[in-house]
Amino acid sequence: DEGGSVALRVLPAPDPAAHRAGVRRLLLLGTSSPVKAVSGRLDNRAKLTLAANPHGSLTALMDDCLAAAVDSLVPADARDEAAFRAQLDVVRAGLPEALLSVLRGVEQVLTRAADLEQALRAQTHPASATAVADVRGQVADLVHAGFVTEVGAARLPDLVRYLQAALVRLDKLPREADRDRALLSDVEVGTKEWRQLPPGPLRERVRWMLEELRVSLFAPAVKAKGPISLQRVYKAIDAG
């Protein structure tokens, strides 16, 4: 993927991500952009929310959302011309609605992120400093330039839930600072193990397990997706 074109290169080792990005760009180059038409279907509040993004510009955010929308329509990689042609038909037919769906999800994520930023600024007590730093790091990991394609359209509702759980955590923090520090130790231990994993499906799986662990520990009322504990994280890592 070279932005306005694609290149064909021999790589020293298989790189599915590079191949995926190249095919995605080919699909976008072969499809009329739906951005203008879809933008017209957004109300002013949505447009304002989307404008306050970590990408630096609305154009960059739209590019990220377009890529995620394509991935949601064609999750498998095309490896020959026939498969590519079939995918191109799917993208041409479905991209406007897929992009609108992605933008709706991103709007919710950015709304929660903005609420969380306000809540973080309100936490000024020294006893809250550790939790505040942790939540800021969590938000930076979840919501940044390129996050939409990185996490995928299907996981955007999970990001909303993770950010909502962080809001609940901050709301309780003035009353439960000591308890928060004790719970954070489990997350820190699990995160240390996660950072040692090589890139790949296991590292990705454990990343999201740790986010679910945060929900379970700090905001159980928000509800984690399935049973989760530090021990389950360890078992997942050991099982490979």
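User: Which classes of residue make up the lining of the largest pocket?

Analyst: The lining has 7 nonpolar, 2 polar and 5 charged residues. Nonpolar covers Ala, Val, Leu, Ile, Met, Phe, Trp, Tyr, Cys and Pro; charged covers Asp, Glu, Lys and Arg; the others, Gly among them, are polar. This is a predicted model: local features need pLDDT of at least 70 and side-chain atom pairs 80 or more, while totals for chains, interfaces and linings use all residues. Numbering starts from 1 along each chain, and side-chain values use heavy atoms, without hydrogens or water.

User: What makes a space a pocket and not a cavity?

Analyst: On a 1 Å grid over the protein atoms alone, a cavity is a set of points where a 1.4 Å probe fits but cannot get out; a pocket is open, with protein on both sides within 12 Å along at least five of seven lines. Lining residues have an atom within 4 Å of a point. The largest pocket holds about 430 Å³ of space. Of its 14 lining residues, Ala7, Leu8, Arg9, Ala18 and His19 are the closest to its centre. The volume is the space filled by probe spheres set on grid points joined across faces, edges and corners.

User: Which residues lie nearest the centre of the second largest pocket?

Analyst: They are Asp141, Thr191, Trp194, Arg195 and Arg214, out of 14 lining residues. The volume of this second pocket is about 310 Å³. Its lining divides into 3 nonpolar, 3 polar and 8 charged residues. Helix α6 (129-142), α9 (177-195) and α10 (201-218) each supply at least two lining residues. The most come from α9, with 5 residues.

User: How many helices and strands does the chain have?

Analyst: The chain has 11 helices and 0 strands. The C-alpha trace spans about 60 × 45 × 30 Å along its principal axes.

User: What lines the second largest cavity?

Analyst: Gln138, Tyr162, Ala165, Ala166, Arg169, Arg214, Val215 and Phe218 do. About 40 Å³ is its volume. Helices α8 and α10 each supply at least two of the lining residues, and α8 gives the most, with 4. This lining has 5 nonpolar, 1 polar and 2 charged residues.

User: Why is the contact between Arg136 and Glu117 called a salt bridge?

Analyst: The term needs a side-chain nitrogen of Lys or Arg within 4 Å of a carboxyl oxygen of Asp or Glu. Arg136 and Glu117 meet at 3.1 Å, N to O, so the pair qualifies. Arg136 sits in helix α6 and Glu117 in helix α5 (residues 81-122), so the bridge ties together parts 19 residues apart in sequence. A search of the whole structure finds 19 salt bridges.

User: Why do Arg136 and Glu117 count as partly exposed?

Analyst: Buried means under 20% relative accessible area, exposed over 50%, and partly exposed in between (1.4 Å probe, protein chains only). Arg136 has 36% and Glu117 has 29%. Both values fall in between, so both are partly exposed.

User: What share of the 240 residues counts as buried?

Analyst: The share is 44%.

User: How do you know that Asp158 and Arg155 form a salt bridge?

Analyst: Their side chains meet at 3.9 Å, N to O. That is within the limit, so the label holds. Asp158, at 7% relative accessibility, counts as buried. Arg155, at 26%, is partly exposed.

User: Which parts of the chain does the pair Arg161 and Glu212 link?

Analyst: Arg161 forms a salt bridge with Glu212, and the closest N and O atoms are 2.7 Å apart. Arg161 is in helix α8 and Glu212 in helix α10, 51 residues apart.

User: Why are Arg161 and Glu212 called buried?

Analyst: Arg161 stands at 15% and Glu212 at 7%. Both are under the cut-off, so both are buried.

User: Which residues are linked in a network of salt bridges?

Analyst: Arg155, Asp158, Arg161, Glu212 and Lys225 are.
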